[in-house]
Amino acid sequence: MRKVAIIGVGNSKFGARQDVNLAELAFEAVKPAFEDAGVTGKDIPFVTLGSAGGWYEETLPAVVTAEYCGLTGAGLVHCEAACASGSAAFATAYLDVASGHNDVAMAVGVEKMREVDTPTILELIGRAGYYFWEFHNFGITFPAYYALHATAHMAKYGTTEEDLALVSVKNHKYAAMNPVAHFQRVITVKDALEAPAIAWPLKLYDCCPVTDGASAIILASEEKVKEFKIDTPVWVAGIGYSSGTANLTNRENYVGLTAAAHAAQRAFKDAGVGPDDIEVATAHDCFTIAEIMAYEDIGFCKKGEGAKLIREGQTEVGGKIPVNVDGGLKAKGHPIGATGCSMIYELTKQLRGEAEKRQRQVPLKKYLALAHNVGGTGHYCYVTILRR
Amino acid sequence: MAAALPTLKSRPLSLTYEIPISKTKKFWNEIKEGKIYTTKCKKCGRLFFPPVADCPTCLSSDIEWVELSNEAEIETFTHVSVLPATFQKYEPYTIAIGRLREGVRVLAWLKDVKLEDTKVGMKVKLVPKVSSEGMLTYEFLPI
């Protein structure tokens, strides 16, 4: 396997994007990625598109997007790994270049989630586990899947509803500094604790919003980095992936995601670094409990000590390991298939020292960053380590 | 709030899937008899829930049906207040995962216990049920 660099990134504004359809939204990420890298569609022989789909009208999102963005003719694949579809697309594009099969590839993540109403979105995402055994008779929703983990974590480790609220407060704070974020306002612990329950113990501010968005990443070989005269390449240092059972009842426990722990271990081994070397991370905080479990599954702290990390402010800028200082899924928004690429977008900006607001830029010495992207409730997980 | 932007409505489509149950028919039939059955691999001895016809551990399809006890302990739970589209007519419900005496886990509704009285570790019973709409299901009830 050869070295692969990120040479261009783009991200649409995340939010309620009723002004654009799927392909128009993807264009808002693809064009800036081209401009960032200084390349055109003619330079891209392979395109991967991450999108979970089912809530928008198109059945072949990759084909529609490629045509609209001038990428027709490139090798094309649609990657699905639920909420990690963007990372699946990124990993597939990375492997294509790393293997030497192509010298340049592009990963696009896009999701248009607001063309159906909220009960329909809850229905479709609720079915994303094992429909037959867990949804058909019991109507489980995605907040409920993570609430089952929150209840177990609270019972075993004493994590509290206040701890969950602190994750939301932190992520809203940074989203308010991020121009692409869905939410642009801060909240308080009181706001979070007094919000209506969605699936106890998770309340409104414990849950990511329903968001439209797109993100695009261009990857290239070392030779192409030189040929395109890329000033600040960001290298893929390591990548790891794993999966978990469809039925939640076939898991070992509900206080962490085994697939995430395995994916992190594999990524660290691939990169030859450990959790203590990472200086900035994006973690999959679709629900506040998910960020606390992510700290533990990645190894930023010991199992059961995730709440301590947030209480001590260790995951803020200036702390031991800043996490989700782009606002996270919680407040930047979680357009399912776009999220994985958007994590890479954010970390590339951080590693280049280009985070939009100075308060959001993490000071770096080793220039090592990590993206942790979970699909479903630990059904899939991708961990990617980047190095400048 | 800005005025709604122009959109075009797609053609509506209603989807119903016909899900094969030939290989788990006994499970559904026994619910009508008031019993919960599951499968066990005759080759490696693994007990499953939900029941499967093929063992993912040893890939044997030589399985037997066994009746489960109804004794369960709650491992975790949630109370769902915001409901998905096809559950809109229901009252908010509690979903629990219970570990049966035999070691397998079951996800089902927990009925007849207030949320504030529901605790991890509480003992409950697993009861098969034919719902008022004729759906074959099962639920946890207090002892």
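**Burial, spread and backbone exceptions in a predicted model**

Me: How many of the residues of chain B count as buried?
Reply: In this predicted model, 26% of the 143 residues of chain B count as buried, where a residue is called buried if 20 or more other C-beta atoms lie within 10 Å of its own.

Me: What makes chain B more spread out than a compact globule?
Reply: Chain B carries one helix and seven strands, which follow one another from the N terminus as α-β-β-β-β-β-β-β. The radius of gyration of chain B is 19 Å, whereas the globule rule gives 15 Å for 143 residues, and because the former is well over the latter, chain B is more spread out than a compact globule. Along the principal axes, the C-alpha trace of chain B spans about 65 × 40 × 30 Å.

Me: Which domains is chain B divided into, and where do their bounds fall?
Reply: The assignment gives domain 1 as residues 21-68 and domain 2 as residues 69-143 of chain B. Taken over C-alpha atoms, the centres of domain 1 and domain 2 of chain B are separated by 21 Å, and eleven residues of domain 1 of chain B are in contact with 13 residues of domain 2 of chain B. On the side of domain 1 of chain B that touches domain 2 of chain B, helix H1 (residues 25-32) of chain B gives the most, with three residues. By class, that side of domain 1 of chain B has seven nonpolar, two polar and two charged residues.

Me: Why is A:Asn324 called buried?
Reply: A:Asn324 has 27 other C-beta atoms within 10 Å, and the cut-off for a buried residue is 20 or more, so A:Asn324 is buried. A:Asn324 is found in the loop between helix H12 (306-311) and helix H13 (328-332) of chain A, and its phi is near 55°, a positive value in a residue other than glycine.

Me: Why does A:Tyr367 count as partly exposed?
Reply: A:Tyr367 has 17 C-beta neighbours inside 10 Å; a residue is buried at 20 or more and exposed at 12 or fewer, so A:Tyr367, being in between, counts as partly exposed. The phi of A:Tyr367 is also near 55°, a positive value in a residue other than glycine, and A:Tyr367 is found in the loop between helix H14 (339-352) and strand S10 (368-375) of chain A.

Me: How do you know that the peptide bond from B:Phe49 to B:Pro50 is cis?
Reply: The omega of that bond is near 0°, and the bond from B:Phe49 to B:Pro50 is cis. B:Pro50 is found in the loop between strand S1 (37-41) and strand S2 (63-67) of chain B. In chain A, a cis peptide bond joins A:Trp200 and A:Pro201, with omega about 5°, and A:Pro201 lies in the loop between strand S5 (197-200) and strand S6 (202-203) of chain A.

Me: Which residues have the most contacts inside the largest nonpolar core?
Reply: The largest nonpolar core has 168 residues, and those with the most contacts inside it are A:Ala26, A:Val108, A:Ile217, A:Leu219 and A:Cys381. The largest share of this core, ten residues, comes from helix H1 (residues 22-37) of chain A. Not counting residues up to four places away in sequence, A:Cys381 touches residues including A:Ala84, A:Tyr241, A:Leu257 and A:Val374.

Notes
Residues numbered from 1 in each chain as written. Chains lettered and ligands numbered in written order. Predicted model: local features only at pLDDT ≥ 70, side-chain atom pairs only at ≥ 80, totals over all residues. Helix = DSSP H or I, 4+ residues; strand = E, 2+ residues; numbered from the N terminus. Rg over C-alpha atoms; globule rule 2.2 N^0.38 Å. Domains from an automatic or database assignment. Contact = placed C-beta atoms within 7 Å. Nonpolar A, V, L, I, M, F, W, Y, C, P; charged D, E, K, R; others polar. Core = buried A, V, L, I, M, F, W, Y, C linked by C-beta atoms within 7 Å.
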